[in-house]
Amino acid sequence: MNQKNVHWYPGHMAKALKQIEERLKVIDIVVELVDSRAPISSKNPFLEEITKNKIRLLLMTKKDLSDEVRLKSFIRGYEQKGYNCLTVDLNNQSDVKKIVDKIMDLGKPLQEKYLRKGMKPQPIRAMIIGIPNVGKSTLINRLVKKRVASTANKAGHTRAQQWIRINPSFELLDTPGILSPHYDDHQIALNLALIGAMKEEILPFQEIMDHLIAKLVKYYPEQFRKRYSLEGDLTSENIYKQVAERRKLYLPKGEIDEYKVEHLLLKEFQDGVITKAVIDDA
Ligand SMILES: Nc1nc2c(ncn2[C@@H]2O[C@H](COP(=O)(O)OP(=O)(O)OP(=O)(O)O)[C@@H](O)[C@H]2O)c(=O)[nH]1
Ligand SMILES: [Mg+2]
């Protein structure tokens with residue numbers, strides 16, 4: 001593995017985990033976000049252990065970019081592990097409403113327990129967690145826009161924490177927990193680069209491109225062909241040559257402008273233009 005990716009990893013991870021563990025003490029429901037295009041690679045395995053005693057909702061975001069057929073088996077896998085799963089497009093208001101409904105639903109048994117014990121009903125407290133770029137801020141913003149009461153400020157365990165009251169029985173911690181992904185696994189790092197969850201500069205660009213082409217050829221050859229009217233074998237050479245031809249991506253002297261071809265392919269993939277995709281291997 002490229003030494004650039006790993007030098008900061010253990011220390012930062014330990015610190016972030018500790019911070020999240022501390023905040024979890026006052027949380028009922030952990031809302032963990034993963035990118036539905038890479039439902040395994042975009043989930044931090046270190047969270048498994050520290051969240052296991054909480055109610056867990058796994059939100060698979062960016063469903064508008066994701067291949068719902070391949071995604072099904074991943075959802076089944078997580079459900080078998082005891083996760084509650086919901087696939088969402090965070091830019092879709094009705095999906096955001098579904099998230100609120102689901103959280104209320106999951107919190108119901110807890111509130112009934114409070115009532116049975118003769119305690120005053122407590123709002124369900126949730127925290128959003130996930131690796132970079134999975135939609136944490138987007139979700140918080142969408143939820144806040146819908147909130148009925150203003151922000152509450154209450155003392156947490158170690159320091160003041162900001163709680164956003166989404167409705168009378170649901171409060172959200174306003175700062176999400178961010179855990180860096182597990183860059184120590186090279187395949188996972190490459191998958192994260194493809195979905196834009198990791199700075200591309202961390203990995204050799206050529207490797208990212210080889211990985212993209214391999215994934216497209218493996219899972220979405222027909223969509224790939226269709227997008228660029230590709231003919232013949234799907235070798236890198238043949239692909240570059242034809243994409244350059246279709247889009248007129250040449251250098252002044254007439255050679256293929258590989259830089260432009262590569263950036264076009266990556267961008268169109270990330271934007272879901274080539275195909276809706278799930279790139280993790282089942
Ligand atoms: N197409 C699509 N884009 C989404 C969705 N959710 C979030 N995004 C986009 O994904 C990008 C990252 O979203 P953020 O909300 O900033 O992600 P984050 O998890 O807060 O990222 P960090 O702050 O880096 O940890 C933004 O461009 C969002 O608009 C979704 O469901 N579908
Ligand atoms: Mg954010």
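# Reading a predicted model

Guide: Leaving out neighbours within four places in sequence, leucine 192 touches Ala38, Ser41, Ser42, Pro181, Ala197 and Met198. The model shown here is predicted.

Visitor: Where is leucine 192 placed?

Guide: Leucine 192 belongs to helix H6, residues 186-194.

Visitor: Is leucine 192 buried or exposed?

Guide: A residue counts as buried if 20 or more other C-beta atoms lie within 10 Å of its own. Leucine 192 has 27 C-beta neighbours inside 10 Å, so it counts as buried.

Visitor: How far is leucine 192 from aspartate 35, C-alpha to C-alpha?

Guide: Their C-alpha atoms are separated by 9.4 Å, although the two residues stand 157 residues apart along the chain. For the whole protein, residues 24 or more positions apart make up 66% of the contacts with a separation of 6 or more.

Visitor: What can be said about the protein as a whole?

Guide: The protein has 10 helices and eight strands. Its C-alpha atoms fill a box of roughly 80 × 40 × 35 Å along the principal axes. Of its 282 residues, 33% count as buried.

Visitor: How should I read strand E4?

Guide: Start with burial, then go through the partners. Six of the seven residues of E4 (residues 124-130) are buried, so the strand is largely enclosed by the rest of the structure.

Visitor: Which way do strand E1 and E4 run, and how many bridges join them?

Guide: E1 (residues 29-35) and E4 run parallel, joined by five bridges. Valine 31 has isoleucine 128 in E4 as its bridge partner.

Visitor: How many bridges does E4 form with strand E7, and how many with strand E8?

Guide: With E7 (residues 170-173), E4 pairs in the parallel sense over three bridges. In that pairing alanine 126 stands opposite leucine 172. With E8 (residues 177-178), the pairing is also parallel, over two bridges. Here glycine 130 has isoleucine 178 as its bridge partner.

Visitor: What about the faces of a strand?

Guide: In a regular strand the side chains alternate between the two faces of the sheet. Strand E3 (residues 84-87) is a case to look at: Cys85 and Thr87 form its covered face, while Asn84 and Leu86 form the uncovered one.

Visitor: In what sense does E3 pair with strand E2?

Guide: E2 (residues 55-61) and E3 pair in the parallel sense, over four bridges. Leucine 58 stands opposite cysteine 85 of E3.

Visitor: Where is lysine 248, and is it buried or exposed?

Guide: Lysine 248 sits in the loop between H9 and H10. It has 8 C-beta neighbours inside 10 Å, so lysine 248 counts as exposed. Its phi is positive, about 55 degrees, although it is not a glycine.

Visitor: At what angle do H9 and H10 pack?

Guide: Helix H9 (residues 236-247) and helix H10 (residues 258-270) pack at about 90 degrees, with their axes 10 Å apart. The two helices are therefore roughly perpendicular to each other. In the contact, Tyr240, Val243, Ala244 and Arg247 of H9 meet Glu258, Val261, Leu264 and Leu265 of H10. By class these residues are six nonpolar, no polar and two charged.

Visitor: How many residues surround ligand 1, and which are closest?

Guide: The ligand has 16 residues around it, and the closest are Pro132, Gly135, Lys136, Ser137 and Thr138. Helix H5 (residues 136-145) gives the most to this shell, with three residues. Sorted by class, the shell around ligand 1 has five nonpolar, seven polar and four charged residues.

How values were computed
Residues numbered from 1 in each chain as written. Chains lettered and ligands numbered in written order. Predicted model: local features only at pLDDT ≥ 70, side-chain atom pairs only at ≥ 80, totals over all residues. Near = placed C-beta within 6 Å. Nonpolar A, V, L, I, M, F, W, Y, C, P; charged D, E, K, R; others polar. Axes fitted to C-alpha atoms, helices over the stretch in contact; angles between N-to-C directions. Parallel < 35°, antiparallel > 145°, perpendicular 65-115°, else oblique. Contact = placed C-beta atoms within 7 Å. Buried ≥ 20, exposed ≤ 12 C-beta atoms within 10 Å, placed from the backbone. Pairing = 2+ DSSP bridges.
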